[in-house]
Amino acid sequence: MTNWTLAKRAASMNPSVIREILKVTEKPGIISLAGGLPSPKTFPIAAFKEAADKVLLQDGASALQYAASEGYAPLREFVAKQLPWDVSPDQVLITTGSQQGLDLMGKILLDEGSRLLVETPTYLGALQAFSPQQPRVVGVDSDDHGVIPDDLARKAGEGADKARMVYLLPNFQNPTGRSMDEARRQAVVDRLATLGIPFLEDNPYGDLWYDQAPPAPLTARNPEGGVYLGSFSKVLAPGLRLGYVVAPKAVYSKLLQAKQAADLHTPTFNQRMVAEVVQSGFLDQHVPTIRALYKKQRDAMLAALRTHFADLDVQWTTPTGGMFLWVRMPEGIDTVAMLPAAVERNVAYVPGSAFYASQPDNRTMRLSYVTASEEQIHIAIKALADTVRATLAAR
């Protein structure tokens, strides 16, 4: 009999709560408000077909060959040029989705027991990406504008226990939908500079603003003090698995080495195809159509919440961009325990407890409004409200 002895780090790897819930949504008739899936209506299929044909005809052999680990040069140049601070293409590393950027940062900065600071709550996928390195994840007190600078200082640690990194999502955060305002961004960057702690700025949703663009990124305020993650998943298509890291020289070479060890390079054909699509200013016309669609669907969800939860003590965020809305249910509701009853009524959500580093709030849930239609959103929110009332009545 073969004995498989797993590495200690494997014990810290757990299945994605969201991915497990997505399996449930395969049930016929269910309306999922759970997954953070961009609307397929936004995928520019015709533009990709034209770009794919052109790439294959002009230089198909190179597009299908191994390539540089750093990424396709014209795409790196595009990324550097479109960022709102002075960035050299040599600082850009093309990744297999921005999720890989999280994994690479964890590999080069975190050891077992390293202190890692995160928002409360924070992105579940980041917690999963960092967990194999077995850090000590510490949640920082947060409000409607993100992390509170004074609590960053209180939880920074010192000496050998000083935080290695702070993970932040300033724009339309996953899961809450909240954003840092100008004052909070500057206060956070200033405090981290004083503490000498680097930050990892994750910005997959920053282009999805509805009425006004968000303030300048954290990294624009201190380019040597942070690493910036971006993605093409939310503005083009997630199936391409195409993201990027912008890093200072102090860590770029190690990120590159970690990338080489992980997968040699991001798929060449995907990079060349995206470079072909974006070079003519396509995103300037395409992204506003995504914003308009998602704003309508956000408004539909807010209207449905106001209608169907009017008599209940329920709180929710009003995101000004992105894909998610955060809800806190009445006292006595545990959203994990309630999920099967919601699924019976053909609606699914993500329980909020999965997004906390510690001390989860079991009354919370994340709802995504970008995939379901406006009609489906109203049906789903009514079903959710009916589930809450039935749960409270059964207590």
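## A four-stranded sheet

Let's start with an open sheet of four strands, ordered β11-β12-β15-β14 and paired in the antiparallel sense. β11 and β14 (350-351) are the edge strands: each has a single partner strand, so one side of each is left without a neighbour in the sheet. Strands here are DSSP runs of E with at least two residues, while helices are H or I runs of at least four, and both are numbered from the N terminus. Two strands count as paired if DSSP finds at least two bridges between them.

This is a predicted model, so local features need pLDDT of at least 70 and side-chain atom pairs count only at pLDDT 80 or more, though totals for chains, interfaces and linings use all residues. Residues are numbered from 1 along each chain as its sequence is written, and side-chain values use heavy atoms, with hydrogens and water left out.

## Zooming in on β12

Strand β12 covers residues 324-328, and four of its five residues are buried (buried is under 20% relative accessible area, exposed over 50%, partly exposed in between, with a 1.4 Å probe and protein chains only). What does β12 pair with? Strand β11 (residues 315-316) joins β12 over two antiparallel bridges, with W316 bridging to V327. Strand β15 (residues 364-368) also runs antiparallel to β12, this time over five bridges, and there L325 has L367 as its bridge partner.

In a regular strand, side chains alternate between the two faces of the sheet.

## Rings that meet

The whole structure holds six aromatic pairs. Rings of Phe, Tyr and Trp (its six-membered ring) pair when their centres lie within 6.5 Å; planes under 30 degrees apart are stacked, over 60 edge-to-face, and the rest tilted. W85 and Y228 make an edge-to-face pair, 5.2 Å centre to centre with 75° between the planes. W85 sits in the loop between α3 (73-82) and β2 (92-95), and Y228 in strand β9 (residues 226-231), 143 residues apart. W85 is buried at 11% relative accessible area, and Y228 is buried at 5%.

Elsewhere, ring pairs link W326, F355 and Y356 into a cluster.

## A charge over a ring

Which ring does the charged end of R291 sit over? That's W209, with the charged end 3.9 Å from the ring centre. The cut-off: NZ of Lys or CZ of Arg must be within 6 Å of the ring centre and within 35 degrees of the ring normal.
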